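I would ask you to keep the structure in view while I speak.

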Amino acid sequence: MRAEGVTGIGDARLMLIGPERLFYAGLLGRPGVRNLGGIAIYVASAGRIVVRAGGGPDRVGSCAVVPAYMPHVISAEARDILALKIEPETVDSDGLPGFIRQVLAAPGTAGIVDAPDVVARVRAAHSALAARAGSACPPAHAFDRSFFGAAIPSRPMDWRIRAVVRAAPSDVSAFPSAEACAVSVDLSVSRFLHLFRDQTGVSFRNWRAWKRARISLAHVNRNPNLAHLALDVGYPDQAHFSRSIRNIFGLRPRDIVAGSRRLDIRLTDGILPPGLAPAGASALR
């Protein structure tokens, strides 16, 4: 989907990566099926976007919401997209902005939402962030105020599952197994897996696959060698890495790396250990 005269964000391409939130302003790439583990909010950088979610019809507009783990396809009139991801296990669903709650309450309505105020706020927040070169990704409460106007309350959660959820983003080279997580919180594996699903609403296996793929985004302009990148983020080999990334993001890793060459990646604590900051990224603090 392309329209004559529709221009996107130009050189103001950036990605904010925090353990609970993610924001991307950059190239959309070729449309493919995405299956993200975060609640996805898409805003057209200019013109319109088309979203098909959960096997439903194509919907056209300027803002879309897709629940976590729902397959969807998105295309845009501009080459770029503004996209936010909220980790669902970190937020109280009753405290989410209304335009998101209405979709989560009726997943069959996933896709375009009528939210012109959200579009304006996201575009303004992007412009403000792009103008502040060198700044780090803000913590979740500040992120929420910039993009949604208010902080989103945290989700009540058993302390043992919360400990696993909070620790996982910092483990890059060897993402923890269910067995290791169960031992760390003094639970049997079966009890841990049951409690994890009960508290987060998703299986540990699917959550782990999403988190590991998400971590890889912090490396995309640090190491263009895909075999090395796969090992850096804990995949056993490049083939496994490529399949997983394509299944989740709908793009080949090589296309993600190629489209990230001029991307300003800004991190917060808990994403990478010291010494592994991507080239050109803001310093961890």
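This is a predicted model: local features need pLDDT of at least 70, side-chain atom pairs count only at pLDDT 80 or more; totals for chains, interfaces and linings use all residues.

Helix α7 and helix α9, which spans residues 238-249, pack with their axes 10 Å apart, at an angle of about 100°. Angles from 65 to 115 degrees count as roughly perpendicular, and α7 and α9 are therefore roughly perpendicular to each other. On the α7 side, the contact is made by A209, W210, R212, A213, R214 and S216. On the α9 side, H240, F241, I245, I248 and F249 take part.

A second pair of helices may be described in the same terms. Helix α4, residues 159-167, packs against helix α6, residues 189-200, at an angle of about 85°. The axes of α4 and α6 are 10 Å apart. These two helices are therefore also roughly perpendicular to each other. From α4, the residues in contact are R160, I161, V164 and V165; from α6, they are F192, L195, F196, Q199 and T200.

Let me stay with α7 for a moment and follow the chain onward. Between α7, residues 204-216, and α8, residues 226-232, there is a loop, and N225 lies in it. Is N225 buried, exposed or partly exposed? Its relative accessible area is 32%. Buried means under 20% and exposed means over 50%, so N225 is partly exposed. N225 and R254 are 29 residues apart in sequence, and their C-alpha atoms are 9.1 Å apart in space.

Now to the chain as a whole. The protein chain has 285 residues, of which 52% count as buried. It contains 10 helices and 10 strands. Among its contacts with a separation of 6 or more, 73% are between residues 24 or more positions apart. The accessible surface comes to about 12,500 Å², and carbon and sulfur atoms account for 51% of that surface.

I turn next to the sheets. Strands of a sheet pair through backbone hydrogen bonds, either parallel or antiparallel.

Which strands pair with β8? Strand β2, residues 21-27, is joined to β8 by seven bridges, and the two run antiparallel. Strand β3, residues 39-44, is joined to β8 by six bridges, again antiparallel. L82 of β8 stands opposite A25 and also opposite V43. K85 of β8 is the bridge partner of A40.

There is also an open sheet of three strands, in the order β5-β4-β7, with antiparallel pairing. Its edge strands are β5, residues 59-61, and β7, residues 72-76, each pairing on one side only. Neighbouring strands in this sheet are turned by 20° against each other on average, direction ignored.

The largest nonpolar core has 89 residues. Which residues have the most contacts inside this core? They are F23, I41, Y42, I49, F99, F147 and F192. Strand β3 gives the most to this core, with six residues.

F147 brings us to helix α3, residues 140-148, where A142, F143, D144, F147 and F148 are buried. An α-helix has 3.6 residues a turn, so residues three or four places apart point the same way. The buried residues of α3 pack against the strands β1, β2, β3 and β8, and against the helices α1 and α2. Here β1 covers residues 14-17, α1 covers 98-105 and α2 covers 116-131. Just after α3, G149 takes a positive phi of about 90°.

That concludes the presentation, and I thank you for your attention.

Conventions: Residues are numbered from 1 along each chain as its sequence is written. Side-chain values use heavy atoms; hydrogens and water are left out. Two strands pair if DSSP finds at least two bridges between them. Helices (H or I, at least four residues) and strands (E, at least two) are DSSP runs, numbered from the N terminus. Axes are lines fitted to C-alpha atoms, for helices over the stretch in contact, and angles run from 0 to 180 degrees between N-to-C directions. Buried means under 20% relative accessible area, exposed over 50%, partly exposed in between (1.4 Å probe, protein chains only). Contact means heavy atoms within 4.5 Å. Accessible areas come from the Shrake-Rupley method with a 1.4 Å probe; for residues, only the protein chains shown count as cover. A nonpolar core is a set of buried Ala, Val, Leu, Ile, Met, Phe, Trp, Tyr and Cys residues joined through side-chain atoms within 4.5 Å. Angles under 35 degrees count as roughly parallel, over 145 as roughly antiparallel, 65 to 115 as roughly perpendicular and the rest as oblique.
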